[in-house]
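Student: I have a structure to get through today. Can we go over it piece by piece?

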Amino acid sequence: SGGSNGNNGSLGTPWATLGHAVTAVAQGDTIHMQVGRHTLGAPVDLPVGVHLTGSGSTSEINCTNTSDWSWCLYLVSGAVNTNGNQSISNLRFTGNGATAYGAIMVAARGNVSIHDCEFQDFDDNAVTFDGQAAGGTAEPTVWSQNNSFYSNLVRNTCKQQVEGWMSGGLQIGAQQSMRIYDYHLQ
């Protein structure tokens, strides 16, 4: 509360929305989500080289978009293994009582780190790392490299599909040298 997209984005005069913040920053910048609940009703694209951080479980991003195959945050590039050089950390993501599909989609980006986050109550999955560019179905010849997912907690995030397969907290595909550790499911 108290933010305005007309502000300069400093700690004392913050922006009101993450959607605006991602358009106002440059590569190498960090967006700090202040303490409180931040509701995202539509997906937000996080540009290459932009970091997103908060103050732990007191900085919550509540995703209310209920469309199938729609995540809260997108880190998606057109060329496989684009150097993301970015991190998402110290945030709590909630799926609006398991009505939101997923929290984060990373596609065709390498060097992306997601750590020290909580994910709770998503309908399908918390985080997907897909090494291919959007819509790719062929066996990749180049895979995304050096992504990491660590020190995260995932609660109540899974779905059994009609076809008999299940989704889960973390989905990965076409990754090389990915580091996954201290990943807790509840």
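Student: What is the mean pLDDT of the chain?

Tutor: The mean is 90, and 93% of the residues reach 70 or more. pLDDT is the predictor's confidence in each residue, from 0 to 100. Where pLDDT is low, the predicted coordinates should not be read in detail.

Student: And where is confidence lowest and highest?

Tutor: Strand β17 (residues 179–185) has the lowest mean, 89, and β4 has the highest, 98. Strands here are DSSP runs of E with at least two residues, helices are runs of H or I with at least four, and both are numbered from the N terminus.

Student: OK, the sheet. What is the strand order?

Tutor: The open sheet has five strands in the order β3-β6-β9-β12-β15, with parallel pairing. Two strands pair if DSSP finds at least two bridges between them. β3 (44–45) and β15 (170–173) are the edge strands; each has a single partner, so one side of each has no neighbour in the sheet.

Student: How many bridges join β3 and β6?

Tutor: Two bridges, in the parallel sense, and β6 covers residues 71–76. Across that pairing, Val-44 stands opposite Leu-73 of β6.

Student: Next topic. How many disulfides are there?

Tutor: One turns up in a search of the whole structure. It joins Cys-63 and Cys-72, whose sulfur atoms are 2.3 Å apart; the cut-off for a disulfide is a pair of cysteine sulfur atoms within 2.5 Å. A disulfide is a covalent bond between the sulfur atoms of two cysteines.

Student: Is the link left-handed or right-handed?

Tutor: Left-handed, with -90 degrees about the S-S bond.

Student: Are those two cysteines buried or exposed?

Tutor: Cys-63 is buried at a relative accessible area of 2%, and Cys-72 is buried at 4%. Buried means under 20% relative accessible area, exposed means over 50%, and partly exposed is in between, using a 1.4 Å probe and protein chains only.

Student: What about Thr-94, where is that?

Tutor: Thr-94 is in strand β8 (residues 92–94) and counts as buried at 7% relative accessibility. Thr-94 and Cys-63 are 31 residues apart along the chain, but their C-alpha atoms are separated by 6.1 Å.

Student: Which side chains make polar contacts with the side chain of Thr-94?

Tutor: Glu-60 does, at 2.8 Å, and so does Asn-62, at 2.9 Å. A polar contact is a pair of N or O atoms within 3.5 Å; within protein, one must be able to donate a hydrogen and the other to accept it, and residues adjacent in sequence count only if both atoms are side-chain atoms.

Student: And Thr-53, buried or exposed?

Tutor: Buried, at 12%. Thr-53 lies in strand β4 (residues 51–53). Leaving out residues up to four places away in sequence, Thr-53 touches several residues, including His-32, Met-33 and Asn-90; contact means heavy atoms within 4.5 Å.

Student: Which residues touch the most other members of the largest nonpolar core?

Tutor: Leu-18, Ile-88, Phe-93, Ile-104, Ile-114 and Phe-119, out of 35 residues in that core. Another core, of five residues, lies apart from it, with Trp-71 and Tyr-74 among them. A nonpolar core is a set of buried Ala, Val, Leu, Ile, Met, Phe, Trp, Tyr and Cys residues joined through side-chain atoms within 4.5 Å.

How values were computed. Residues are numbered from 1 along each chain as its sequence is written. This is a predicted model: local features need pLDDT of at least 70, side-chain atom pairs count only at pLDDT 80 or more; totals for chains, interfaces and linings use all residues. Side-chain values use heavy atoms; hydrogens and water are left out.
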